[in-house]
Amino acid sequence: MAKVFIYPATSLILSDLVARFGHKPLGAALGIRERIQTAGVDSPPLQITPEEPKRGLKYAAVEVPSGVRGRMAIYGPLIEEAEAAIIVTDADLAFGCMGCARTDELILFSLRQKGMPILELKYPTNEEEGILFVAAVRKFLTSLPEEGEA
Amino acid sequence: MAEYIPKYVGTITKYVFIESPSMTPGELALRAYEASEGVLIKETCFGLQLTGVPEAVDRLIDEIRSFDPTHIFVKDRGFPPGDPRRCRANLGGARPGYLGHEREFRILRYITRGLEELDRRGEDAEVPEAEVLREKRPLLDIKRLQELIETEEQ
């Protein structure tokens with residue numbers, strides 16, 4: 001079972017397909033859950049504390065805005081943990097403020113820099129593309145090493 | 001600063017989405033309750049939220065998927081159900097994240113079609129690959145770069 005980072009990190013479709021074909025999807029929910037279930041200082045809504053931008057320094061320089069570093073504190077460890085990635089390049093749901101947009105760019109850059117297997121796709125717009133989409137994802141996930149092989 | 005004491009520590013929460021012509025979220029919830037064995041189930045307009053220890057939730061999801069494998073979709077959730085920071089009962093309007101789900105919900109039928117077709121063709125069937133894409137951005141021409149540098153120097 002390989003750990004596969006999904007982009008958009010909140011994608012229902014990618015999360016489901018990765019789990020369906022026997023691997024572990026790494027998405028935003030895992031990072032958020034870790035913070036929500038850790039006791040400490042109350043910092044609603046996402047329990048992002050002033051510590052996160054400091055942890056984000058591992059992934060972005062100090063002059064990068066704290067919003068990007070704070071977000072990278074969630075995504076950075078997941079990217080480090082990932083053994084493969086699936087990226088949907090035309091995901092219009094992955095939009096947001098400037099902090100989200102720049103973090104997304106940094107996530108994609110970090111994934112490509114890591115040199116791991118990456119599948120890049122577009123969302124299907126009809127049934128025929130749906131078949132191709134699922135087939136490409138299945139073929140990619142089947143080609144990944146099982147646990148212990150890597 | 002107030003102290004934060006988390007609830008549901010050690011549990012996981014997963015969304016179950018159903019987009020099926022033969023089963024409603026209500027029917028799915030009734031069948032899920034029968035097999036729940038201690039997992040907290042919350043029915044929603046699009047499916048369910050399941051909360052419990054990881055092994056129990058995974059077992060229940062395997063069971064739920066078998067009801068209608070190509071029409072049921074699952075993903076992780078960071079927050080437990082009814083959390084005041086996310087629940088729209090407290091906030092009003094759409095729950096944060098709902099609009100993203102709504103956007104993907106529209107294309108679930110294409111994914112369903114893909115899963116059905118691949119099941120029909122079998123594991124080893126040759127299926128043409130989707131075009132693998134890299135984001136195409138126009139590159140800066142080297143002559144244009146030289147012009148920019150010279151302009152800057154002047």
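Me: Which residue's backbone oxygen lies 3.1 Å from a polar atom of the side chain of A:Q47?
Reply: That is A:V41. Please note that the model is a predicted one.

Me: Which backbone nitrogen lies 2.8 Å from a polar atom of that A:Q47 side chain?
Reply: The backbone nitrogen of A:S43 does.

Me: Where in chain A does A:Q47 lie?
Reply: A:Q47 belongs to the loop that runs between β3 (40–41) and α3 (51–55) of chain A.

Me: Is A:Q47 buried or exposed?
Reply: A:Q47 has a relative accessible area of 5%. The cut-off for buried is under 20%, so A:Q47 counts as buried.

Me: Leaving aside neighbours within four places in sequence, what is A:Q47 in contact with?
Reply: Within chain A, the contacts of A:Q47 are A:R35, A:I36, A:V41, A:D42 and A:E52. From chain B, B:Y4 and B:R85 are in contact with A:Q47.

Me: Changing topic to the open sheet in chain A: what is the strand order?
Reply: The sheet has 4 strands in the order β2-β1-β4-β5, with parallel pairing. Its edge strands are β2 (24–26) and β5 (118–121) of chain A, each of which pairs on one side only.

Me: By how many degrees are neighbouring strands of this sheet turned against each other?
Reply: The average is 25°, with direction ignored.

Me: How many bridges join β1 to β4 in chain A?
Reply: Strand β1 (residues 3–7) and strand β4 (residues 84–88) of chain A run parallel and are joined by 4 bridges. In this pair, A:V4 stands opposite A:A84 of β4(A).

Me: Which strands does helix α4 of chain A touch?
Reply: Helix α4 (residues 66–81) packs on the sheet and touches β1 and β2 of chain A. The direction of α4 makes about 135° with that of β1(A).

Me: And what does helix α6 of chain A lie across?
Reply: Helix α6 (residues 127–143) lies across β1, β4 and β5 of chain A, and runs at about 175° to β5(A).

Me: On to chain B: why is strand β4 described as largely enclosed?
Reply: Strand β4 (residues 47–52) of chain B has 6 of its 6 residues buried, so the rest of the structure largely encloses it.

Me: Which strands pair with β4(B)?
Reply: Strand β2 (residues 12–18) of chain B runs antiparallel to β4(B), with 6 bridges joining them. Here B:Y15 stands opposite B:Q49. Strand β3 (residues 40–43) of chain B also pairs with β4(B) in the antiparallel sense, over 4 bridges, and B:L40 has B:T51 as its bridge partner.

Me: How many residues lie between β3(B) and β4(B) in their hairpin?
Reply: There are 3 residues between them.

Technical notes: Residues are numbered from 1 along each chain as its sequence is written. Chains are lettered from A and ligands numbered from 1 in the order in which they are written. This is a predicted model: local features need pLDDT of at least 70, side-chain atom pairs count only at pLDDT 80 or more; totals for chains, interfaces and linings use all residues. Side-chain values use heavy atoms; hydrogens and water are left out. Two strands pair if DSSP finds at least two bridges between them. Helices (H or I, at least four residues) and strands (E, at least two) are DSSP runs, numbered from the N terminus. Axes are lines fitted to C-alpha atoms, for helices over the stretch in contact, and angles run from 0 to 180 degrees between N-to-C directions. Contact means heavy atoms within 4.5 Å. Buried means under 20% relative accessible area, exposed over 50%, partly exposed in between (1.4 Å probe, protein chains only). A polar contact is a pair of N or O atoms within 3.5 Å; within protein, one must be able to donate a hydrogen and the other to accept it, and residues adjacent in sequence count only if both atoms are side-chain atoms.
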